[in-house]
Amino acid sequence: MYSSRANLVLGFHGCESSEQDRLITDPTYIRSSSASFDWLGHGMYFWENNPKRALLWAEQKKKAGSILKPAIVGA
């Protein structure tokens, strides 16, 4: 589908379903992480061209107890 366009990159963010809803409906909302353990620095993380990996990350967060209902958002 979009893989044939070399200049197009889609990012997928794994999150809680309530955050997914807010990211889609509120254009002013972006929750940026600033935790000391952020491995790529502060900000919002996206899996490049990989919605399955973003969902897997969210499902792992559910197992750890920090997410109730895993979801993803594409950008």
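## The whole chain

Of the contacts in the protein between residues at least 6 apart in sequence, 58% join residues at least 24 apart; contact here means heavy atoms within 4.5 Å. This is a predicted model, in which local features need pLDDT of at least 70 and side-chain atom pairs count only at pLDDT 80 or more, while totals for chains, interfaces and linings use all residues. Residues are numbered from 1 along each chain as its sequence is written, and side-chain values use heavy atoms, with hydrogens and water left out.

Start with the whole protein in view. Its C-alpha trace spans about 40 × 25 × 25 Å along the principal axes. The accessible surface is about 5,700 Å², and 57% of that belongs to carbon and sulfur atoms (Shrake-Rupley method, 1.4 Å probe; for residues, only the protein chains shown count as cover). Among the 75 residues, 23% are buried. Buried means under 20% relative accessible area, exposed over 50%, and partly exposed in between (1.4 Å probe, protein chains only).

Now colour by secondary structure. Helices (H or I, at least four residues) and strands (E, at least two) are DSSP runs, numbered from the N terminus.

## The sheet and its helices

Select the strands next. They form an open sheet in the order β2-β1-β3, with antiparallel pairing. β2 (47-48) and β3 are the edge strands, each pairing on one side only. Two strands pair if DSSP finds at least two bridges between them. How many bridges join β1 to β3? There are five between β1 (residues 11-16) and its antiparallel partner β3.

α2 lies across β1, β2 and β3, and runs at about 150° to β3. For these angles, axes are lines fitted to C-alpha atoms, for helices over the stretch in contact, and angles run from 0 to 180 degrees between N-to-C directions.

Select H13, in strand β1. Is H13 buried or exposed? H13 is buried, with a relative accessible area of 9%. V73 in β3 stands opposite H13. Show side chains, and you will see a polar atom of the H13 side chain 2.7 Å from the backbone oxygen of Y45. Leaving out residues up to four places away in sequence, H13 touches several others, including E19, L23, F46 and A54.

Move along β1 to C15. C15 has 2% relative accessibility and counts as buried. With residues up to four places away set aside, its contacts include Q20, A58, I67 and P70. K69 is also touched by C15; the two C-alpha atoms are 8.4 Å apart, although 54 residues separate them along the chain.

## Out to the surface

Next, select R22 and D26. Their side chains meet in a salt bridge (3.6 Å, N to O), and a search of the whole structure finds one such bridge. The term means a side-chain nitrogen of Lys or Arg within 4 Å of a carboxyl oxygen of Asp or Glu. R22 is partly exposed, at 42% relative accessible area.

Finish at G65, in the loop between α2 (51-63) and β3 (70-74). G65 counts as exposed, with 60% relative accessibility.

Definitions and conventions. Polar contact = N/O pair within 3.5 Å; in protein donor to acceptor, adjacent residues only side chain to side chain.
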